[in-house]
Amino acid sequence: MKNISNVFWITLALVLACVIFGVAAPATFEEMTANVQAFITSAFGWYYLIIVSVIVLFCVFMIFSPVGRVTLGKPGEKPEYSTLSWFAMLFSAGMGIGLVFWGAAEPLSHFASDPPLAEPGTDEALKDSMRYTFFHWGVHAWAIYAVVALSLAYYQFRKGEPGLVSATLTPVLGEKARGPLGTAIDVMAVFATVVGVATTLGFGAAQINGGLSYLFGIRIDFMTQLIIIAIVTVLFIISAMSGLGKGIRILSNTNMVLAVALFVLVIIVGPTLFILNLFTDTLGTYVQNIVRMSFRIAPLDEDSRTWINGWTIFYWAWWISWSPFVGIFIARVSRGRSIREFLIGTLLAPAIVSFLWFAVFGGTAMDMQMAGVVDLTQNATEEVLFAVFNELPWSTILSIIAILLVSIFFITSADSATFVLGMQTTHGSLTPPNKVKLTWGIAQSLIAVILLYSGGLQALQNALIIAALPFSVIMILMMISLYRSLSAERREMLKALRPRGKK
């Protein structure tokens, strides 16, 4: 494995140390990471709100700036993938599995169990629940991914730099970006990717297990989840070996078909008019209140501050911690698109689809809860969606489609991660060797299995949130670096257009 960089060995050692600690002393590991995570969300909540708002404004500025015409590739280069395939791939890697997992559960929680502002179960709580769900999964989340992806795509495809996070910081750090500091930055990106995907594998296995239990009475236990992870691991490694053009593209397009089928079926058999009215009203209140929600920290209300820490600040840290993985993957599939096209596509299209998804599945769940048809709050998070389907016509068909959807999102997320990890640990290679992807694929699954067995998944998730704080500083440097490079390029373009003899 002569192409492997030091980043591979350092990150592997770091991850193994965390796993050994998690297995040997899971309670201590979880308590320690939980305390650090609680301190960060409490002490730096204001910082997360400001930095994420700055990221959104930076993306909007880039869309309307003259540099929006710049291609993420050589001048005149065409997109590598069709718009539909591009959208399907970035969505599958970005948050597809999260939408299925939280589609009904999050709005329900904000409405009936833990509302952000109003009393549980009230009309006001219902409106707030959808507005804050839109907020957590909308433009802010995708802006975080977009900044990392845009910076990586620009430097890799326009400037010919290796596809590494450290390579995007050369205009700010100079030669230090290629030294030990650059290695440390890349280790942080790879660590966040490994830990993020391992926790997703664990939670995805739990939801598939929950669906199988609801449908067929299969026990929810470690052995079932072990079998699920083993099957999915074999499938995503086969997909990863076939390359981006085949495996991920085909699976992503399949998933889009399944997602649309499930979406349309639930609109038809669910409370259709309520869903459409709820979506329209919530979209309006989301746009009206986006600035207020973006900076809401509730300094004088301890209960509200606790809710903000547990949901909004947690989500902002979670999206930042996932941004190296998702950003690198989105960059890889976005070659040939203009900056303006890239940002509009990445910010708006997935956000609108997410809003529609939550309106359909969250709206159906809350309508059932209000009508007293069933008390959905008694179900575990991974079972809420299947409990909703149980009260609808064609419940078995809906549940089977949902399990297939989670399984394929599961595969595409892990598949994308093996590619990104291979790329990041082979000096930014666009075609990492299969043996490297195989190593990371098996490592991710083993980490998920070991931590599921020892009960250490929550501690690993805490570690991921902790890693988001230093990476947010790297994101600030990425924006400064990108602005400098694009400003210099614009000056060169204007100079080239200026008539000869004029200064």
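**Ground rules.** I worked on a predicted model, in which local features need pLDDT of at least 70 and side-chain atom pairs count only at pLDDT 80 or more, while totals for chains, interfaces and linings use all residues. Residues are numbered from 1 along each chain as its sequence is written, and side-chain values use heavy atoms, with hydrogens and water left out.

**Entry 1: H2 and H3.** I looked up helix H2 (residues 26–43) and H3, which pack at about 60° with their axes 4 Å apart. Helices here are DSSP runs (H or I, at least four residues), numbered from the N terminus. Axes are lines fitted to C-alpha atoms over the stretch in contact, and angles run from 0 to 180 degrees between N-to-C directions. Ile 40, Thr 41, Ser 42 and Ala 43 of H2 meet Gly 45, Trp 46 and Tyr 48 of H3; contact means heavy atoms within 4.5 Å.

**Entry 2: H10 and H18.** Next I took helix H10 (residues 180–216) and helix H18 (residues 434–454), whose axes lie 8 Å apart at an angle of about 55°. H10 is therefore oblique to H18; angles under 35 degrees count as roughly parallel, over 145 as roughly antiparallel, 65 to 115 as roughly perpendicular and the rest as oblique. On the H10 side I noted Val 190 and Leu 201 among the contact residues, and on the H18 side Trp 440 and Leu 452 among them. The contact of H10 with H18 has nine nonpolar, three polar and no charged residues. Ala, Val, Leu, Ile, Met, Phe, Trp, Tyr, Cys and Pro count as nonpolar, Asp, Glu, Lys and Arg as charged, and the others, Gly among them, as polar.

**Entry 3: H8 and H15.** The axes of H8 and H15 come within 9 Å and cross at roughly 150°. That makes H8 roughly antiparallel to H15. Residues making the contact include Val 139 and Trp 142 of H8, and Ile 339 and Phe 342 of H15. I counted the classes as 12 nonpolar, two polar and no charged.

**Entry 4: the second largest pocket.** Which helices supply at least two residues each to its lining? I found H3 (45–64), H8 (139–158), H13 (272–294) and H15 (339–371). The lining has 18 nonpolar, three polar and no charged residues.
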